[in-house]
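Work through the exercises below with the sequence and the model open. Each task is followed by a solution in steps.

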Amino acid sequence: MSTVRLPAQPGLLVVHVAYPVPDMPGTPGPVTACGIDTASMVKHPWQPFAPGSRWYPPYLALCVCSRCDRAVRSQREHTHAL
C-alpha cells in the first residue's frame, strides 16, 4: 500500500509516505501523501506486516509526518467504508 520515504539529508529525519507507482509494487510515486517531491528522499525497507498495520517502523513513530499519517488514515477509513 505505501512506501516509507526518508529525506536524504543526514540529521534531517521526517518519515513520509509515498504511494507506489501503479503496476510497479515497491516503486514509490513522485510525491509523498503530503505533496513533497520524493526525488531527494531515500526509500526505507519497512513494509507493513498485515493490512491495517502501521505504515512506518515503530521506532520512527516520533518522526512521522502528521500530514502523511492523516492521509493514510483517511484512505484506510474510506476503503473500510466501501
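**Exercise 1.** In this predicted model, find which residues Thr32 is in contact with, leaving aside its neighbours within four places in sequence. Then decide whether Thr32 is buried or exposed.

Solution. Step 1: locate the residue. Thr32 lies in the loop that runs between strand E4 (24–28) and strand E5 (41–43). Step 2: list the partners. Thr32 contacts His16, Val17, Ala18, Thr38, Met41 and Cys68. Step 3: apply the cut-off. Buried means under 20% relative accessible area. Thr32 has 4% relative accessibility, so Thr32 counts as buried.

**Exercise 2.** Which residues does Cys34 touch, not counting those up to four places away in sequence, and which residues make up the largest nonpolar core?

Solution. Step 1: Cys34 touches His16, Cys65, Arg67 and Cys68. Step 2: the largest nonpolar core has 10 residues, namely Val15, Val17, Cys34, Trp55, Tyr56, Leu60, Val64, Cys65, Cys68 and Val72.

**Exercise 3.** Describe the order of the elements in the protein, and state where confidence is lowest and where it is highest.

Solution. Step 1: count 1 helix and 5 strands. Step 2: read from the N terminus, which gives β-β-β-β-β-α. Step 3: check the confidence. The mean pLDDT of the protein is 83, with 80% of its residues at 70 or more. Strand E1 (residues 3–7) is lowest, at a mean of 60, and strand E2 (residues 16–18) is highest, at 93.

Methods:
Residues are numbered from 1 along each chain as its sequence is written. This is a predicted model: local features need pLDDT of at least 70, side-chain atom pairs count only at pLDDT 80 or more; totals for chains, interfaces and linings use all residues. Side-chain values use heavy atoms; hydrogens and water are left out. Helices (H or I, at least four residues) and strands (E, at least two) are DSSP runs, numbered from the N terminus. pLDDT is the predictor's confidence in each residue, from 0 to 100. A nonpolar core is a set of buried Ala, Val, Leu, Ile, Met, Phe, Trp, Tyr and Cys residues joined through side-chain atoms within 4.5 Å. Buried means under 20% relative accessible area, exposed over 50%, partly exposed in between (1.4 Å probe, protein chains only). Contact means heavy atoms within 4.5 Å.
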